[in-house]
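Please look over the sequence and the model shown here.

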Amino acid sequence: MLRNNLSLCESFLSDLNYETFSALLAQNKVLADAAEIQGLMCGMMAGGMSLTDRNWLPAIADMFNAGESFGAELSQALQSVFDEVVQQMLDSDFALVLMLPDDAAPINERGAALIAFVQGFMTGFGLHQNDLTACSDDVKEALEDFSEIVKMEDQMTEDEESEQALFEVQEYVRVSAMLCFNELGQSPLDDSEAPPTVH
């Protein structure tokens, strides 16, 4: 029986996408969707958080779950998404895949999720990086653009022009998130090479 439950859980985790992850978050009364949570994780990593830091989970609980720890299933799902984002961020081919609604979803639903991702990214980034003086102009510009994207409220019409515009913004966000990580993020090697802390 336990083996069956484990294999069911594993297949669920391998099928995690925007819809299934958002549904799991809602079931657990977490006040965020999949896009915002993934954006938060990306922002933390891009802001310079150690990839072996385990404090990201309590940080998410503080922000979206009134500081209460998550149940086992949701914790496992969050860990799975986190591990996947780490792999994608470390990939040299700009492999990040944004967790957004399916292309068949209404365009305004996809636009709102993209804004939620950017909002999460900005929050996560700010937790780990508040000194932008040494950042490149590209990173500063990307963060300024992200600030503008978060303020976007206009409803989009279901037409080809809007689809193209949304695709371009989505791609810009995806590449910019990785650009920030490539400049400010840490690699697993940074942890293994860090000198021991003297107390």
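This is a predicted model: local features need pLDDT of at least 70, side-chain atom pairs count only at pLDDT 80 or more; totals for chains, interfaces and linings use all residues.

Lys151 is exposed because its relative accessibility is 55%; here buried means under 20% relative accessible area, exposed over 50%, and partly exposed in between, with a 1.4 Å probe and protein chains only. The side chain of Lys151 meets that of Glu148 in a salt bridge, 3.4 Å from N to O. A salt bridge is a side-chain nitrogen of Lys or Arg within 4 Å of a carboxyl oxygen of Asp or Glu. Glu148 is partly exposed, at 48% relative accessibility.

Residues are numbered from 1 along each chain as its sequence is written, and side-chain values use heavy atoms, with hydrogens and water left out.

The protein has nine helices and zero strands, where helices (H or I, at least four residues) and strands (E, at least two) are DSSP runs numbered from the N terminus. Of its 199 residues, 41% are buried.

How many salt bridges are there by this rule? The count is three. Side chains of opposite charge can pair when their charged atoms come close. Arg110 and Glu163 form one of the bridges, at 2.7 Å from N to O. This pair links distant parts of the chain, since Arg110 is in helix α6 and Glu163 in helix α8 (residues 160–184), 53 residues apart. Arg110 is buried at 8% relative accessibility, whereas Glu163 is partly exposed at 29%. Glu171 and Arg174 also meet in a salt bridge, 2.8 Å from N to O. These two are about one helical turn apart, because three residues separate them in helix α8. Glu171 is partly exposed at 30% relative accessibility, and Arg174 is buried, with a relative accessible area of 15%.

Helix α6 spans residues 107–128 and contains Thr123. Thr123 and Gly43 are 80 residues apart in sequence, yet their C-alpha atoms are 6.9 Å apart in space. Thr123 is partly exposed, at 34% relative accessibility.

Ala66 is not a glycine, and its phi is positive, near 50°. Ala66 lies in the loop between α4 (56–64) and α5 (72–90) and is exposed, with a relative accessible area of 71%. Phe94 also has a positive phi, near 50°; this residue is in the loop between α5 and α6 and is partly exposed at 32% relative accessibility.

Which cysteine sulfur is nearest to that of Cys135? A disulfide is a pair of cysteine sulfur atoms within 2.5 Å, and by this rule the count is zero. Cys135 is in no disulfide, the nearest cysteine sulfur being that of Cys180, 7.7 Å away. That distance is too far for a bond. Cys135 is buried, with a relative accessible area of 6%, and Cys180 is buried as well, at 0%.
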